[in-house]
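User: Please take one interface in this model and go through it closely. I would like a single connected account.

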Amino acid sequence: MSSTSNLQRVLSAGHFAVTGEVGPPTGADAQALKAKADILRGCCDAYNVTDNQTAVVRMSSIAASAILLAEGLEPVMQMVCRDRNRIAIQSDILGAAALGIRNCLCLSGDHQSFGAAGKLHGHPGAKNVYDIDSVQLLSIIRDLRDKSLQQGGDSVTVAPDMLIGAAWTPLGDPIDFRVIRLAKKVAAGAQFIQTQSIFEVSRFAEQMKLVRNEGLHEKVAILAGIIVPKSAGMLRYMNKNVAGVTVPDELIERMDQASDRKEEGLKVTVELIEQVKAIEGVRGVHIQAIEAEHLIPEIVKRADLLPRPASGEAS
Amino acid sequence: MIVAQAKDINEIADKLTNYEKILVAGCATCVAECMAGGEKEVAITASALRMALRLRGCQAQVAEVTADRQCEWELIEEIAPQVEAADVVVSLACGVGVACMWDRFEPKPIIPGVNTVFLGHREKPGLWLERCAACGDCTIDRTAGICPIARCAKSLQNGPCGGSTDGKCEIDPELDCAWHLIIERLKAMNQLDTLRENTPPRDWSTSRDGGPRRVVVEDVEE
Amino acid sequence: MSVNKIAPVGQGNGLHLVAFCCANSSAKAAELSKAPFEVDRVRVRLAQLACSSKIEVLHVLRALETGADGVALWTCPQDSCRFGRGCIRAAKRIERARRILEQIAVGGQRVFLQSLDPNDPDALDKALREATGRLVELGKSPLKTVGVK
């Protein structure tokens with residue numbers, strides 16, 4: 001168990017956790033991160049730092065996490081299995097822990113053929129690694145931390161202090177397997193879960209019922225993923241192209257009709273947060289405002305989730 | 001079987017402009033089955049090369065031959081006279097055949113005329129699919145005969161990622177999600193719960209990652 | 001055009017068309033396949049196929065390689081193909097031949113594919129004239145005009 005993760009403290013104290021997302025810049029631009037940090041400081045318990053999301057090269061999640069940390073924000077460093085084998089991953093985990101990074105979200109990673117959904121070139125010709133998958137990554141970090149053992153069996157001198165989490169696509173296909181998939185991640189050591197973005201709250205609630213039937217909600221802190229809608233077009237795109245995400249027609253219609261899209265997007269977001277909060281077993285939200293991080297403070301405020309428990313106070 | 005695919009004729013022709021006697025050599029086994037390098041494809045390739053070379057102003061002779069296999073010393077020997085008579089060989093065999101031809105006829109240049117793509121089978125006329133990654137440690141029974149190493153885009157070991165939609169993989173709408181197939185098959189067998197057990201990190205030393213591999217059968221080794 | 005404008009082989013204009021015709025597509029094909037003839041001064045050699053799907057990629061390539069300036073294939077319309085999918089298969093083979101010819105810069109447009117109207121007794125004549133007309137527009141195959149180094 002991690003002893004010094006703020007996210008861990010917030011969850012242990014029974015608070016409804018709030019995490020946000022910070023996409024690292026596509027350059028060696030520490031200033032861009034610091035500017036985002038200034039906007040976001042104090043409105044979330046921890047901030048996800050994506051790891052070359054959609055297989056587009058950005059500043060490394062470790063470096064970006066370290067910069068956020070220096071700015072006083074707690075990072076959730078994402079780590080994908082696409083680009084590193086188990087040697088590099090364990091090395092990076094030790095390095096990240098030594099830098100003071102206390103949360104890691106373990107992901108398979110978007111396939112390199114994505115390249116930001118065709119908007120950028122990306123590197124579709126890259127060789128992927130996938131030495132291990134996200135479930136195995138969880139167990140590897142858990143064993144480094146709890147047993148001081150590397151996957152190969154060698155010991156580590158100082159174990160990395162790291163809260164480990166995973167992603168979950170509750171409404172993805174094949175739907176019959178999704179709760180089992182979650183159970184596998186919990187068995188591998190996941191302590192928190194950030195879900196794929198939820199728009200169909202009632203279907204998500206049904207999946208959460210199955211989660212509770214297996215008692216998984218007591219073993220892992222589930223943070224529901226919330227994406228801030230920017231326009232009807234964005235919702236249509238997600239509905240069509242993002243696996244495991246279905247956006248109800250009424251919601252698309254509502255964004256379409258809105259005279260002030262930004263305001264409507266904020267309202268929708270706050271409503272979604274309130275709806276998922278009411279589901280038993282949901283212990284927080286993970287808010288993503290893609291290319292619009294500045295909206296997060298306002299959302300958190302309107303959802304009545306401020307002030308966040310201060311670091312140290314939550315325990 | 002080994003599945004290969006024809007190369008662009010120009011890519012081959014560009015490498016042949018300085019030769020006068022060219023031999024297009026087919027292989028009558030795997031690559032003939034997948035219609036990339038058998039006798040028929042030798043004739044097509046040779047005809048196309050003659051035209052491509054003529055358009056490049058080259059006066060080359062392009063001969064044709066097909067070996068039963070280009071990966072067996074005895075069968076390579078059967079086409080040795082034609083190979084010896086040529087300045088260069090365009091081999092339509094898989095990469096194994098091309099390599100063996102080099103070993104036998106060094107320093108004669110042997111140019112690959114097909115791309116070797118995967119180990120697979122013919123699903124239906126005109127469609128071949130990858131089925132095995134030759135990882136060296138087969139556990140395909142655990143996933144009901146559907147290999148996630150060969151058939152999942154990320155070679156995931158513990159179930160599908162979030163990118164599975166309606167049974168298809170998000171990287172290609174034509175591509176079946178291997179884990180969807182595995183789950184459906186195990187469900188039909190009432191064995192879905194067997195997937196609850198986590199598969200630990202794999203030992204890839206048996207695969208290509210462990211270095212080039214060799215197989216020895218002691219009792220017949222000489 | 002009618003049959004009487006189909007002339008025996010004469011001086012010609014140097015253009016050669018190799019044509020394949022499904023035996024079921026035109027009753028005239030049998031007659032015309034007996035000997036080479038000329039249409040609009042284009043020399044034509046026509047061969048009958050039991051079904052257009054009998055066409056091979058190699059037939060098309062070899063015709064062009066050995067001196068044809070164009071290749072034509074005439075099929076039955078899809079709904080009257082005696083073998084059901086024969087003309088579809090034929091079209092796929094023609095497509096592959098065209099792809100190869102595009103790669104090597106001979107040009108896929110030198111391969112003509114057309115289905116004949118089963119209700120029109122002159123369909124083959126019309127198709128012949130259309131193909132030779134297009135061939136005249138395209139001119140000689142680049143394989144004939146290239147210099148050898």
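**The interface of chain C and chain B**

Two salt bridges are found across the interface of chain C and chain B, a salt bridge being a side-chain nitrogen of Lys or Arg within 4 Å of a carboxyl oxygen of Asp or Glu. One of them joins the side chains of C:E56 and B:K40, with 3.2 Å from N to O. The model is predicted, so local features need pLDDT of at least 70 and side-chain atom pairs pLDDT 80 or more, while totals for chains, interfaces and linings use all residues. Residues are numbered from 1 along each chain as its sequence is written, chains are lettered from A in the order written, and side-chain values use heavy atoms, without hydrogens and water.

Contact (heavy atoms within 4.5 Å) involves 20 residues from chain C and 20 residues from chain B. Together the two chains bury about 1800 Å², counted as accessible area (1.4 Å probe) lost on being put together, summed over both. Carbon and sulfur atoms account for 62% of that area. On the chain C side, C:E65, C:Q103 and C:I104 lose the most area to chain B, together 34% of what that side buries.

Six residue pairs, both members at pLDDT 80 or more, are in polar contact across the interface (N or O atoms within 3.5 Å, one able to donate a hydrogen and the other to accept it). The elements of chain C that give two or more residues to the side touching chain B are α2 (57-65), α3 (86-103) and α5 (142-145); helices are DSSP runs (H or I) of at least four residues, numbered from the N terminus. The largest share, six residues, comes from α2(C). By class, this side of chain C has 13 nonpolar, two polar and five charged residues, where Asp, Glu, Lys and Arg count as charged, Ala, Val, Leu, Ile, Met, Phe, Trp, Tyr, Cys and Pro as nonpolar, and the others, Gly among them, as polar.

Methods: Polar contact = N/O pair within 3.5 Å; in protein donor to acceptor, adjacent residues only side chain to side chain.
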